[in-house]
Amino acid sequence: MGISNAEAARRVGLDERRYAHYVGGRREPDLATLLRIASSLGTTPNWLLGVTEPADAVAETSELLERFENAANGMTLEELQLCIIQAEAIVAVKTRR
């Protein structure tokens, strides 16, 4: 972002020293603090934690969701409910493994 740790700490509302411990990896913030840091810096907790998806995967997911939405718009209520039940069943099977 091009700002100092002191400025980031100020934006987040944390003591500069405490923020420096988080940045340096000497301490980990609790979830509420992590969310506050991400929000204040205009990013996501995943990005701060180094969890990123490749840009191609994000684009592909967006494309697939758009296709799914377009298909759903042409369905009857009953067809849409059936589709949702099938999607939920797929997720349920995955979580049992």
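Helices α2 (16–24) and α3 (31–41) each contribute at least two residues to the lining of the largest pocket. Helices here are DSSP runs of H or I with at least four residues, strands are runs of E with at least two, and both are numbered from the N terminus. The model is a predicted one, in which local features need pLDDT of at least 70 and side-chain atom pairs count only at pLDDT 80 or more, while totals for chains, interfaces and linings use all residues. Residues are numbered from 1 along each chain as its sequence is written, and side-chain values use heavy atoms, with hydrogens and water left out.

## The largest pocket

The volume of the largest pocket is about 280 Å³. A pocket is an open set of points on a 1 Å grid over the protein atoms alone, where a 1.4 Å probe fits and protein lies on both sides within 12 Å along at least five of seven lines; lining residues have an atom within 4 Å of a point. Grid points are joined across faces, edges and corners, and the volume is the space filled by probe spheres set on the points.

The lining consists of Y19, Y22, V23, G25, R27, E28, P29, L34, I37, L41, L48 and L49. By class, these residues divide into nine nonpolar, one polar and two charged. In this scheme Ala, Val, Leu, Ile, Met, Phe, Trp, Tyr, Cys and Pro count as nonpolar, Asp, Glu, Lys and Arg as charged, and the others, Gly among them, as polar.

## Overall architecture

The chain has six helices and zero strands, and from the N terminus on its elements run α-α-α-α-α-α. The radius of gyration of the chain is 20 Å, well over the 13 Å that the globule rule gives for 97 residues, so the chain is more spread out than a compact globule. This radius is taken over C-alpha atoms, and the globule rule is 2.2 Å times the number of residues to the power 0.38. Along its principal axes, the C-alpha trace spans about 55 × 30 × 25 Å.

Of the 97 residues, 13% count as buried. Buried means under 20% relative accessible area, exposed means over 50%, and partly exposed lies in between, with a 1.4 Å probe and protein chains only. Among contacts in the chain with a separation of 6 or more, 17% are accounted for by residues 24 or more positions apart; contact means heavy atoms within 4.5 Å.

Side chains of opposite charge can pair when their charged atoms come close. The structure holds two salt bridges, each defined as a side-chain nitrogen of Lys or Arg within 4 Å of a carboxyl oxygen of Asp or Glu. They are set out below.

| Salt bridge | Closest N and O atoms |
|---|---|
| R10 with E7 | 2.6 Å |
| R11 with E7 | 3.0 Å |

R10 counts as exposed at 57% relative accessibility, whereas E7 counts as partly exposed at 22%. R11, at 38%, also counts as partly exposed.

## Selected residues

V12 is placed in helix α1 and is buried, with a relative accessible area of 5%. Leaving aside its neighbours within four places in sequence, V12 is in contact with R36, I37 and S40. V12 and A38, 26 residues apart in sequence, are 8.7 Å apart in space, C-alpha to C-alpha.

T33 lies in helix α3 and counts as buried at 4% relative accessibility. Not counting residues up to four places away in sequence, T33 touches L14, R18 and Y22.

L41 is likewise found in helix α3. With a relative accessible area of 13%, L41 is buried, and L41 is also one of the residues lining the largest pocket. L41 and E69 are 28 residues apart in sequence, and their C-alpha atoms are 32 Å apart in space.

S62 belongs to helix α5 (residues 55–73) and counts as partly exposed at 42% relative accessibility. The C-alpha atoms of S62 and V12, 50 residues apart along the chain, are separated by 31 Å.
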